[in-house]
Amino acid sequence: MPGPRDSSLHCCIKRNRGNQTYHLYLGLNSVDISASYDDGKFLLAARRCRRPTCTDYVISLNPDYVAKGSTTYIGKLRSNFLGTKFTVYDAQPSDAKATLSTCHSSRLVGFKQVGPRVPTGNYPVSHISYELNVLGSRGPRRMQCVMDAIPASAIEPGGEAPTQTEFIFTDIHSFPSIPFLRSKSTRIENCHSSPTLNSINGNLVLKNKAPRWHEQLQCWCLNFNGRVTVASVKNFQLVAACENGTEGENVILQFGKVGKDVFTMDYQYPISAFQAFAICLSSFDTKIACE
């Protein structure tokens with residue numbers, strides 16, 4: 001289900017390097033990021049599976065058993081060989097018009113859900129692409145997400161995502177920006193390609209928010225509202241792409257580092273926890289061709 005419209009759901013991703021797993025938790029303390037997430041509500045788990053020509057991130061509702069054959073399997077993220085293009089597959093169709101992928105791993109898997117039972121497979125719901133970053137590893141990655149399952153009209157007043165649910169949460173407090181990189185060797189105007197339309201075939205398109213140069217800190221910065229404390233190339237904020245080449249003001253998804261293997265993930269309408277988690281997983285892959 002989509003997140004709230006007027007505020008963000010504050011979550012945390014914990015990475016286990018040993019077994020290549022990632023666990024998503026809903027933070028019970030939405031302000032103090034230094035608090036432990038051990039008592040947070042578990043939401044989703046993912047396991048990284050490296051293959052000869054691609055990488056899969058299998059996503060499950062079970063924190064202890066993440067496998068495609070499990071009844072708790074809900075989808076996956078698949079990359080190309082270079083780790084620059086990703087496709088998010090949902091185990092269930094987002095609507096009656098959804099098209100089942102012909103991926104060789106498509107199959108029927110039992111999955112409990114509310115409503116009529118439908119076959120489970122691989123339905124593409126999002127495409128993520130990373131492009132060459134002229135700032136290299138010192139700057140945020142350039143990324144674009146085409147949300148196949150969400151119409152561009154969903155972000156407009158009265159617009160709706162496939163499943164609409166309203167939440168009520170307190171507003172996020174204002175905090176200082178954090179640095180992205182340490183030198184102003186390249187101008188930020190060179191970071192962007194040609195204008196991107198806000199929809200592709202009527203679908204919502206998200207792009208990374210451009211950082212701003214902070215004169216006092218002498219670095220590129222994004223305002224994460226205190227939710228990110230460690231500068232990292234993985235950190236990003238996604239906003240809706242506008243028709244005139246500009247970017248929307250409302251941050252729909254933000255992801256950033258707060259510890260060695262701990263990251264915050266905050267999302268809101270019109271994307272769901274599953275979609276947000278899959279997009280964030282794509283940031284963990286090394287992207288030699290883009291940095």
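**Strands, a buried glycine and some backbone exceptions**

Me: In this predicted model, which strand holds the place of G75?
Reply: The model is a predicted one, and its protein chain contains one helix and 16 strands. Among these strands, the one that spans residues 73-79 includes G75, and that strand is β5.

Me: Is G75 buried or exposed, and what is its relative accessible area?
Reply: A residue counts as buried when its relative accessible area is under 20%. G75 touches Y57, V58, I59, Y89, D90, A91 and F274, leaving aside residues up to four places away in sequence. G75 falls under the cut-off and is therefore buried, with a relative accessible area of 0%.

Me: How many Å separate G75 and A46 in space, C-alpha to C-alpha?
Reply: Along the sequence, G75 and A46 are 29 residues apart. In space, taken from C-alpha to C-alpha, the separation of G75 and A46 is 9.5 Å.

Me: Why is strand β1 described as largely enclosed by the rest of the structure?
Reply: Strand β1 covers residues 9-16, and it has eight residues in total. Across the protein chain of 291 residues, 53% count as buried.

Me: Which residue of β16 stands opposite L9?
Reply: β1 and strand β16, the latter made of residues 262-267, run antiparallel and are joined by six bridges. Within β16, the residue standing opposite L9 is Y267.

Me: What is the bridge partner of N16 in β2?
Reply: β1 also pairs with strand β2, residues 21-26, in the antiparallel sense and over six bridges. The hairpin of β1 and β2 has four residues between the strands. In β2, the bridge partner of N16 is T21.

Me: What is the phi of N225 near, in degrees?
Reply: N225 is found in the loop between β13 and β14, and at 24% relative accessibility it counts as partly exposed. N225 is a residue other than glycine, yet its phi is positive, near 55 degrees.

Me: What is omega near for the peptide bond from Y269 to P270?
Reply: Most peptide bonds are trans. P270 is found in the loop between β16 and α1. The peptide bond from Y269 to P270 is cis, with omega near 15 degrees.

Notes
Residues are numbered from 1 along each chain as its sequence is written. This is a predicted model: local features need pLDDT of at least 70, side-chain atom pairs count only at pLDDT 80 or more; totals for chains, interfaces and linings use all residues. Side-chain values use heavy atoms; hydrogens and water are left out. Helices (H or I, at least four residues) and strands (E, at least two) are DSSP runs, numbered from the N terminus. Buried means under 20% relative accessible area, exposed over 50%, partly exposed in between (1.4 Å probe, protein chains only). Two strands pair if DSSP finds at least two bridges between them. Contact means heavy atoms within 4.5 Å.
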